[in-house]
Amino acid sequence: MIDDSIKAIGIGVPSVVDVDEGIVYDVQYIPSWVEVPLKKYMEDRYHIPVFVNNDANCFAVGEYHFGKGNGIDSMIGLTLGTGLGAGVIINQKLYAGHNCGAGEFGFFNYLDNILEFYCSGSFFQNVYGLDGVQVFEDAKKGDAKALALYQELGTHIGYAIKMVMYSYDPSLIVLGGSVSHAYDFFQANMWKEIKTFAYTKSAERIRIEVSALKNSGILGAAALYYDAQ
């Protein structure tokens, strides 16, 4: 049984979703989840409406309703964790795309791979065979090599942000995910790259904030109910 005061359940998953039917497809890190009718499973069990969406979209919705994006008309929530994802808010509503694939900037071709290869916490392992957690700890101690690696990462993140700006021209980008905790280490080169944006005024006006919420994705999953109204 579920508490009568609960009106709906929201779920974020790291993949594309048939939002209307709540079917999850091709979860990258759960190979057995090729096609899972998650909404039906949960509604059959709990007998209340269930909303399923991409986890980066949930992050953006959480920031829009409860975080740095509150009161903003259009914004992007950019998640920098094991991968690179984004949620898109346009005219105060989540824009998921036809296949829930809007904001999949991580799969853009970049250098000899894709953006996600260079613009995520996996960058250190992918490019240098180093443990990202250890690099972060070394950077906090002022290690010159670790700090240089973060500045290199910042250049890649700056490029990713330019792709976001060219695609959606948002007024605000909110950074989340584990890499965002190292913002002070990579922001200088990130902004240096952003300043090469073709439209100078856009580069001057863009706001970039780091999420201050502990559970943006969870809050956003819950807020899918609000977004659907």
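Asp44 and Lys40 are separated by about one helical turn, being 4 residues apart in helix H1 (helices, H or I, of at least four residues and strands, E, of at least two are DSSP runs numbered from the N terminus). Their side chains meet in a salt bridge at 2.8 Å, N to O (a side-chain nitrogen of Lys or Arg within 4 Å of a carboxyl oxygen of Asp or Glu). Asp44 counts as partly exposed because its relative accessibility is 44% (buried is under 20% relative accessible area, exposed over 50%, partly exposed in between, with a 1.4 Å probe and protein chains only).

The model is predicted, with local features requiring pLDDT of at least 70 and side-chain atom pairs pLDDT 80 or more, while totals for chains, interfaces and linings use all residues. Residues are numbered from 1 along each chain as its sequence is written, and side-chain values use heavy atoms, without hydrogens and water.

The structure holds 7 salt bridges. Another one in helix H1 (residues 38-46) joins Glu43 and Lys39 at 2.8 Å, N to O. Lys39 is buried at 18% relative accessibility, whereas Glu43, at 25%, is partly exposed. Lys68 and Glu209 form a salt bridge at 3.7 Å, N to O. This pair links distant parts of the chain, 141 residues apart, with Glu209 in strand E12 (residues 207-210). Lys68, Arg207 and Glu209 are linked in a network of salt bridges.

The largest nonpolar core has 38 residues (buried Ala, Val, Leu, Ile, Met, Phe, Trp, Tyr and Cys joined through side-chain atoms within 4.5 Å). Its largest share, 10 residues, comes from H6.
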